[in-house]
Amino acid sequence: MSRIVFLLGSFYPNFSAVGYCGYQVQKCLAESHDITVISLRDDTALPLEDQHEGLRILRVETPAIKQRNSLRATGGRRAQLGLTALRAKGALKRLLSPATIDWALVRAYLDQLEALTPAPQAIVPLVFPFESVLAALAYKRAHPGTRVLPYLFDDFADSGSLHVLKLARWLKRGRHLRLERQMLQKADAILAMHPLRAHFEAPFEQPLRDKITFLEHPLLFAPKAQNLPPKDATIRLCYTGSLIGKVREPDYLLELLQAIRPADPMRADFYVMGNNAHKVQPLSGPRRVEIANHGRVAKPMADAAVQGADVLLNLGEAQGRQVSSKIFEYMATGKPILHLAYVAQDVVSGILAKYPLALCLLQERDRFAENVRQAEAFLARCRGRQLSFDEVAALYPEALPQATAELMERLTEHDVHPPIQAEEEKRLMTSSNALTP
């Protein structure tokens, strides 16, 4: 039984979106492989070593993570001030650094890898964080027999969430592209989400791009929670996820909901986190729509809310390039989806184009009255309708976790991509800097 090691950020029980995607693939692989997950220890209550559903979990900390965990555990006003100061210090450090890399995290991952016996057959670093890739490649230099298969959900060099200031992103872009180039050169193969295709086309040569297999988020699986029967005639809408300023803001959606005049009473439940979550103000009484903000909740509670809804709400991100993993969880329910996009070329709108029970609207002021009309017609037409999981799976077979797991197995055993010619590889290698902090 071969050993595959995954490097990622937050994992069980506090899954990040990327961690949750990896988890679905890992469960498929665990049936025939020894799977170890090296993740961040984001809570002092979590043990450094753990087991979950056949997965061995090893957690790592940096000095900054330890300090943050300690302050969170302490609680109180002084601890909150300490957390604010720690965040400010981290933001300033990232801003002033030549590259937005936490080298302490790279070392923490690498130390844990070096402690493994025997050496793994393959390492799969998930991005974000990009530090996972750098640690895996550093390990490969000392253990060339280990295959490295980066699994990319976001691009590094042009990330808007990682580089908040556009000027800083522009100033560091050359260095970050060199790090991405080293990943392409030294990794055995790369898996990446479809929206990243455009990011890799311009800066990198075809022989490097040939190492990338583009695929879909592995989140299409039958939901465990069962549909809840309607309690009354109320139309129930549900939004789950993050609301972040300048990335995914709720203002247009909230205005749209209050402008809709449905035939029956309507209620919208929000299960949200992020710095814009406070914008969802509760509404009740003799109104057209009742709005409730439940804040951040455990995933089982959010999943149950989704199963109890008639229509699911989704917001695209500002640039329209990121695919929220949540959209596949929504589609897996087979329920109607109302999606609001910021830009015409929004990738989620493209995914939903073949989903029969979806309405995609563009958040533009001059379209508002027409958007209200279309939303009213959509609610009247699609309420109570639902696709079976088999119908959805037939539309999106690439999004099944087993599809990614099977590809990863093949890449673990042998190279399915054309090799880079020796002279071309030599030229590419000499055009970049060494992988050092």
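Started with α6: I found a kink of about 55° in it, centred on Arg173. The bend at a residue is the angle between axes fitted to the seven residues ending there and the seven starting there. Helices (H or I, at least four residues) and strands (E, at least two) are DSSP runs, numbered from the N terminus.

Ground rules for myself: this is a predicted model, where local features need pLDDT of at least 70 and side-chain atom pairs count only at pLDDT 80 or more, while totals for chains, interfaces and linings use all residues. Residues are numbered from 1 along each chain as its sequence is written, and side-chain values use heavy atoms, with hydrogens and water left out.

Back to α6 for its span. The helix has 21 residues (166–186), so at 1.5 Å a residue I expect 30 Å, and the end C-alpha atoms lie 29 Å apart, which agrees. The expected span here is 1.5 Å times one less than the number of residues.

Sheet next. I read an open sheet of 6 strands, ordered β12-β11-β10-β13-β14-β15, with parallel pairing. At the edges sit β12 (289–293) and β15 (358–362), each pairing on one side only. From one strand to the next the twist averages 20°; for this, axes are lines fitted to C-alpha atoms, and angles run from 0 to 180 degrees between N-to-C directions. Two strands count as paired if DSSP finds at least two bridges between them.

Phe270 has Asn293 in β12 as its bridge partner.

Then the hairpin. β3 (residues 49–52) and β4 (residues 55–60) pair antiparallel over 4 bridges, and His52 is bridged to Leu55 in β4. Which residue takes a positive phi in this hairpin, with its 2 residues between the strands? I get Glu53, near 50°, and Glu53 is not a glycine.

Worth a reminder: most residues other than glycine have a negative phi, and most peptide bonds are trans.

Thr117 and Pro118 are joined by a cis peptide bond, omega about -5°; Pro118 is in the loop between α4 (103–114) and β5 (122–127). The bond from Val127 to Phe128 is also cis, with omega near 10°, and Phe128 is in the loop between β5 and α5 (131–142).

Last stop, the inside. A cavity is a set of points on a 1 Å grid over the protein atoms alone where a 1.4 Å probe fits but cannot get out, and lining residues have an atom within 4 Å of a point. Its lining includes Val127, Phe130, Asp154, Asp155, Glu180 and Met183.

Technical notes
On a 1 Å grid over the protein atoms alone, a cavity is a set of points where a 1.4 Å probe fits but cannot get out, and a pocket is an open set with protein on both sides within 12 Å along at least five of seven lines; lining residues have an atom within 4 Å of a point.
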